[in-house]
Amino acid sequence: MSKTFRNPILPGFYPDPSICRVGEDYYMVNSTFEYFPGLPIFHSRDLVHWRQIGHALDRPSQLPLDGVRPSGGLYAPTIRYHAGTFYIINTLVAGTKESGNFIVTATDPAGPWSEPYWLKDAPGIDPSLLFDDDGRVWYTGNRIPPQGEQYRGHREIWLQELDLPTMQLVGEKYALWDGALQGNVHAEAPHLYKINGWYFLMVAEGGTSHNHAVTIARSQNITGPYLGNPRNPILTHRHLGQDHPIIGTGHADLVETQNGAWWLVCLAMRPYGGRRLDRGFLPDGDPNEDHYFNLGRETFMAPVIWEHGWPIVSPGSGKIEFEYAAPNLPEHTWPTRPVCDNFEGERLDDIWNFLRTPRDNFYSLTERPGYLRLKLRPSRLSEWANPSFVGRRQQHIHFAARTAMEFSPGATHEEAGLVLLQNSDFHFRFVVTAVSAGNIIVRLVKREHGAETVLAERAVSGRRIYLKVEAHGQAYNFYVAAEPETWQPVAENVDGRILSTTVAGGFVGTYLGVYASSNGQPSATVADFDWFEYAAIDAPSIPSAEGLE
């Protein structure tokens, strides 16, 4: 019996995948927006089992995210390999210190990666590179056409040569294509390939929501003209309806295995929790999102064959499936990641991230060995700052996360605990705080559209407190305990749909993690986290918030 694999291959907020092969090894990178470190690097030998080996941007000098707005930061990287060197080209959007397109390089994909080479006169986003057979290197990206938008969201793909010694663009800029659909919006995510003497330009169009699509064109000359595939789009789910279990397929990249087979990676979303029926259409005719997907845009994979010089994605169905026959490659698994992080290493595991660039040492693994110590600082989760937050992605529709925290708030403005984060204006804080001297509570706060509501409070005692959140679809449940496994409910069946970009806006998925703040006041207090556990749980057999409208 042939082996199969399940989609998504990277569950949770791992959008905009780009992939390359070096011999028998495969490497993939994803967008990270306002999170630091940036651009996770994944390694696989069979395209099914992936392990993270680091981040491309893990030093503050590489990644100035200070003051970046939610869903600003790092968009749509591309990873390529040439002559012993790995290249990642990327865009930093809405930076307050640096913005624009840049390249980083490494001889080992696990790092270290270079400082950024910032590109001059490189408008637009979603850059990519092609190393041609003749030694020339070409940059592609998207931009507003020089003559201006013909309609809202009008973008075109453009090309220019890259001079490797100077890491700068040289020569003439060429307009290549503005998508397959007449009047389409947001032609972006271009990848240029040379296959059997033809140049293939694959792009995303339709916007990164329900109308997302992958289209392709080809030319025998790199500067064009490019002829669109008469069967475009080669991938979309927009015709399947918003109740389809996989939606928003797009932003794809191709890879050829050492055996000559072709595969495509792309982003897509798994909606759950009902639909909004009040959404209507945007002014340009693009429908608003009316589905919820707290996990964000995830990485999926599908087989590709070639017919009459054009690629066919997911032959036989034409859509991304949850299950496929595995690639014809030797199976290569990696050690299973522990569900519990005991914070006993010298550095944080790669699964953890911060908000924006850390400029001081707000956390420590050494001040109290075996604990993650967070310093209470004035910065809040509601600010476009670098608060004392250490988080990881929500990767499952049904999950449980819990931690053991030792914390004694010294004032009513001090708090520490668990958070579920979409952005600065949409999140849940499940924190221990003081309401008066010696009167300690655990408080659940919902922040929605920038306004805060206390959903529940419960008195607690003792310095060591256990906190847990369980999600059953869109029903989030919050518990506290003074002793292991003696959980007491604080709030149950809390509607979690504010954690979807359908409500909150932007491009990121839900994060959860540990947090501490003195809420604008100076403080010398710390919160110590002994361990943090995250695991998938079985789908519930009882009704949940998924049916709420």
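This is a predicted model: local features need pLDDT of at least 70, side-chain atom pairs count only at pLDDT 80 or more; totals for chains, interfaces and linings use all residues.

**Cavities and a residue**

User: Which residues line the largest cavity?
Analyst: Glu-34, Tyr-35, Pro-70, Leu-355, Arg-356, Leu-381, Glu-383, Leu-421, Gln-422, Asn-423 and Ser-424 line the largest cavity. Numbering runs from 1 along each chain, and side-chain values use heavy atoms, without hydrogens or water.

User: Which strand gives the most to that lining?
Analyst: That's β31, residues 415-423, which puts in three residues. (A strand is a DSSP run of E, at least two residues.)

User: What lines the second largest cavity?
Analyst: Ala-76, Pro-77, Thr-78, Asp-126, Pro-127, Ser-128, Ala-189, Pro-190, His-191 and His-251 do. Strands β7 (73-82) and β15 (188-195) each supply at least two of the lining residues.

User: New topic: where does Val-265 sit?
Analyst: Val-265 is in strand β21, which covers residues 262-269.

User: Buried or exposed?
Analyst: Val-265 is buried, at 1% relative accessible area (the cut-off is under 20%, with a 1.4 Å probe and protein chains only).

User: What is Val-265 in contact with?
Analyst: Skipping neighbours within four places in sequence, Val-265 has contacts (heavy atoms within 4.5 Å) with Ile-9, Pro-17, Ile-19, Met-28, His-251, Ala-252, Asp-253, Phe-300 and Met-301. His-251 also lines the second largest cavity.

User: And how far apart are Val-265 and Gly-250?
Analyst: They're 15 residues apart in sequence and 9.0 Å apart in space, C-alpha to C-alpha.

Terms used:
On a 1 Å grid over the protein atoms alone, a cavity is a set of points where a 1.4 Å probe fits but cannot get out, and a pocket is an open set with protein on both sides within 12 Å along at least five of seven lines; lining residues have an atom within 4 Å of a point. Helices (H or I, at least four residues) and strands (E, at least two) are DSSP runs, numbered from the N terminus. Buried means under 20% relative accessible area, exposed over 50%, partly exposed in between (1.4 Å probe, protein chains only).
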